[in-house]
Amino acid sequence: MSRATRGGTARSGRAVPDRPGMVPLWLVRGATALLAVLLGAVVWNGSAWIVLPALLAVGAALLPSIGLASVTLLLLIVAYAVNMPAGSPWLLAFVAGLHALLVLYLLLVRLPLHGWISRSALVRIGVSFARVQILAQPLAVLALILGDAGSSLVVVVAGVVAVIGWALWLVSRRRTERR
Amino acid sequence: MTSPARSRRGGTHSAAPATRSAGWALAVILGLVCVVAGLVSGRPDTVALAAPFALLAAAGRRSGTAPAAPAAAPVTDPVTGSAAAAATPSWAAVAVRVAGPRDRPAGGRLRLQLQPADPLRAGASSDRLVTVLLASPGCPPDAMVLRAGEDCPLLADGPPSGEADILAYGWAGSTADLMEDTAFTAAESVRVSILPRPGALPARPVSRRLRGLAGTHRSRRPGEGSDVRSIAPLRPGDPLRRIDWRATARRSSDQDRIMVRGRFADAEASVFLVIDQAHDLPDRTADWFSAAAARLAPGSLHLARSAAATVAASYLSVGDRVGLDDLSGTRRALRAAAGSRQLEQIRARLAGTEVIPRRRRRRDPAPPQGSVVLVFSPFLDAEAARLLLLWRAQGHVVAGIDCMPPLVRTETTAAQTASVRLVLLRRRLLLDGLRRDGVPVFTGGSPDADVVDGDRAVSGDRPAGLSGPELELGAGLLLLSRETARRGGAGAPRGPVDPTATPPRDGR
């Protein structure tokens with residue numbers, strides 16, 4: 001973050017960080033609301049009803065309410081199950097997007113409106129996100145394969161075996177790293 | 001400047017080891033909804049939406065059953081003396097210390113250092129976050145999310161002078177996947193002590209009754225000073241080194257008389273500074289009625305501290321003795337002494353002054369004989385005026401320093417306006433009464449400006465005379481010094497004195 005955002009410019013009386021690499025929370029809140037609205041726009045497909053979940057998503061990003069965050073995520077999941085055609089490649093984006101939304105809402109829900117988050121903390125959150133996605137994305141791909149080629153037993157078995165092997169390799173690698 | 005600032009850290013009030021967060025429950029619920037929706041509709045892709053939630057829930061369940069990270073030793077509560085009931089995980093603990101610079105400019109911000117504990121040293125993984133909540137006085141709280149062990153410098157407002165709590169803070173820890181967190185732990189506020197800065201050194205009025213045998217002032221006693229008192233014939237007992245051969249050659253034509261030069265003795269002045277700490281009036285009148293946390297704005301007490309530090313530095317720079325007392329009678333008076341260490345003691349004592357209601361005292365403060373007494377007060381009640389008149393009647397050179405800051409009228413109700421008008425009217429009557437009785441009262445200057453140089457202030461449009469209204473400190477002291485020198489013919493400085501000279505070290 002540039003020095004202009006380091007808060008020392010205005011004498012507001014608040015304590016402000018005095019170093020680069022601090023991201024203001026309003027940027028994270030804006031990104032969270034934007035991500036929720038984008039996912040909602042995909043599943044609501046141009047319907048005027050998108051205004052309601054969009055408002056909810058923005059409210060969940062601004063207000064410290066776990067209820068609003070839960071309703072927003074549930075609306076997205078239910079809308080995906082109802083409106084999205086089976087086998088849509090949007091599944092991969094939704095698996096990542098819903099996960100990111102959950103993490104961001106959980107991060108913001110206990111913070112006051114004003115503040116900062118360090119880049120290294122964001123990187124830590126990103127690494128943790130990637131660790132989950134590295135297993136969730138192959139599962140999503142397997143689900144798409146199951147949906148498309150449900151009658152082909154060979155493809156299904158190969159996919160399941162590949163995902164299980166991938167998961168086992170990840171777990172064993174993690175254990176090795178810990179030792 | 002900050003004194004060795006104190007940052008009281010770590011008194012744990014509510015702390016608990018890391019537990020599963022509400023997010024873990026939310027992840028479980030969302031995962032179940034996805035699975036049920038997928039099974040009902042027969043769509044594996046909807047079931048796949050549950051994958052990240054299920055993995056997060058599994059991670060939270062695993063860490064929730066894992067042994068807790070080592071906890072910090074319980075901290076003894078500084079108020080009750082009892083150990084805190086629960087200890088916070090040491091990887092989540094945060095300390096705030098004042099990082100300087102010590103010589104900050106007036107009105108500048110203090111630099112603090114936010115220091116979360118090192119998670120690796122505490123036996124936890126570095127894959128953790130620490131959320132610190134900060135609140136400056138009169139401001140809503142702010143959040144700062146840091147990686148565990150990551151330092152962060154802060155800029156915070158400090159008081160213009162004196163001691164004040166400048167930052168309340170607390171912390172909570174969490175894992176990077178936010179499935180596990182610790183309870184919020186509140187720490188004690190960060191408290192700093194800012195020493196008042198001496199301004200430009202004003203003139204130094206002194207009493208006629210000077211004491212001591214060393215100093216920069218000329219007394220009326222014969223002695224070993226540098227100023228010539230008389231030239232007289234040599235008498236038995238006169239030291240030979242006083243013989244003035246030129247005067248002998250000039251006055252004794254037949255060389256039958258030897259002339260010796262007599263000198264005045266040097267002496268030091270004694271100054272007694274009295275602070276009225278019963279009130280601290282902010283410059284905004286609406287703040288007089290506010291029950292909220294006080295802003296870190298300059299008030300009458302800051303003006304009193306700055307003016308007293310300036311006067312003390314001025315006298316101590318020429319070797320005079322300066323003492324300090326307060327009208328509230330809560331602490332023992334600082335005895336008059338000279339030297340740079342005395343200046344530091346006075347500044348430290350001034351920084352420690354805070355609003356204390358005046359209490360009944362058995363006897364009035366007694367200034368040393370022959371001292372100049374300066375009372376720094378906003379003159380809201382008659383006590384300061386009474387003591388000024390008393391000390392003046394006892395023969396001291398006295399002056400009042402009006403420390404009311406330039407007011408910004410921000411009252412919001414008619415009752416507040418009426419109250420402020422009454423207070424100001426009473427103050428005006430007190431000050432007019434003092435001036436009518438011959439006690440000079442000077443204004444203490446603006447809170448953020450140094451005390452103006454006396455010569456420049458006098459040369460302006462101000463009325464020449466101690467009874468003129470609204471004389472500033474520098475001009476008033478200059479006029480008072482001229483007045484005392486004219487009346488007594490003594491106490492004048494021995495010659496040109498460098499006002500920027502540093503006081504002699506430990507010359508008590």
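Colleague: To start with, how many salt bridges does the structure hold over all chains?

Modeller: This is a predicted model, and over all chains the structure holds 18 salt bridges.

Colleague: Which residue meets A:Asp18 in a salt bridge?

Modeller: That partner is B:Arg111, and the N to O distance between the two side chains is 2.2 Å. The pair crosses between chains: B:Arg111 is in strand β4 (residues 109-116) of chain B, and A:Asp18 is in the loop between β1 (16-17) and β2 of chain A.

Colleague: Is A:Asp18 buried or exposed?

Modeller: A:Asp18 counts as buried because its relative accessibility is 16%, under the 20% cut-off. B:Arg111 is partly exposed, with a relative accessible area of 28%.

Colleague: And A:Arg19, which residue does it form a salt bridge with?

Modeller: A:Arg19 forms a salt bridge with B:Glu150, and their closest N and O atoms are 2.7 Å apart. This pair also crosses between chains, from the loop between β6 and β7 (152-157) of chain B, where B:Glu150 lies, to the loop between β1 and β2 of chain A, which holds A:Arg19. Both residues, B:Glu150 and A:Arg19, are buried.

Colleague: Why can such side chains pair at all?

Modeller: Side chains of opposite charge can pair when their charged atoms come close.

Colleague: Turning to chain B, what does B:Asp276 form a salt bridge with?

Modeller: B:Asp276 forms a salt bridge with B:Arg358, with 2.3 Å between the closest N and O atoms. The pair links distant parts of the chain, 82 residues apart: B:Asp276 is in the loop between β14 (270-275) and α5 (300-316), and B:Arg358 is in the loop between α6 (340-351) and β17 (371-377). B:Asp276 counts as buried at 1% relative accessibility, whereas B:Arg358 counts as partly exposed at 24%.

Colleague: Which residues are linked in a network of salt bridges?

Modeller: The network links B:Glu163, B:Asp165, B:Arg191 and B:Glu354.

Colleague: Now the strands, please. In which sense do β2 and β3 of chain A pair?

Modeller: Strand β2 (residues 22-24) of chain A pairs with β3(A) in the antiparallel sense, over 3 bridges. Within this pairing, A:Pro24 has A:Trp116 as its bridge partner in β3(A).

Colleague: Which strand of chain B pairs with β3(A)?

Modeller: Strand β6 (residues 142-147) of chain B pairs with β3(A) in the parallel sense, also over 3 bridges. Here A:Trp116 has B:Met144 as its bridge partner.

Colleague: Which way do the residues of β3(A) point?

Modeller: A:Gly115 and A:Ile117 point one way from this strand, A:Trp116 and A:Ser118 point the other way, and all are buried. In a regular strand the side chains alternate between the two faces of the sheet.

Colleague: Where do positive charges gather on the surface?

Modeller: A surface patch of positive charge is formed by B:Arg246, B:Arg250, B:Arg251 and B:Arg257. Of these, B:Arg251 is found in helix α4 (residues 245-251) of chain B. B:Arg251 is partly exposed because its relative accessible area is 46%, which falls between the cut-offs of 20% and 50%.

Methods:
Residues numbered from 1 in each chain as written. Chains lettered and ligands numbered in written order. Predicted model: local features only at pLDDT ≥ 70, side-chain atom pairs only at ≥ 80, totals over all residues. Heavy atoms only, no water. Patch = residues over 30% accessible without salt bridge, like charges linked within 9 Å, V, L, I, M, F, W, Y side chains within 5 Å. Areas by Shrake-Rupley, 256 points an atom, 1.4 Å probe, with all protein chains shown as cover. Salt bridge = Lys/Arg side-chain N within 4 Å of Asp/Glu carboxyl O. Lys, Arg positive; Asp, Glu negative; His and termini not counted. Charge placed at Lys NZ, Arg CZ, Asp CG, Glu CD. Helix = DSSP H or I, 4+ residues; strand = E, 2+ residues; numbered from the N terminus. Buried < 20%, exposed > 50% of the residue type's maximum accessible area, 1.4 Å probe, protein only. Pairing = 2+ DSSP bridges.
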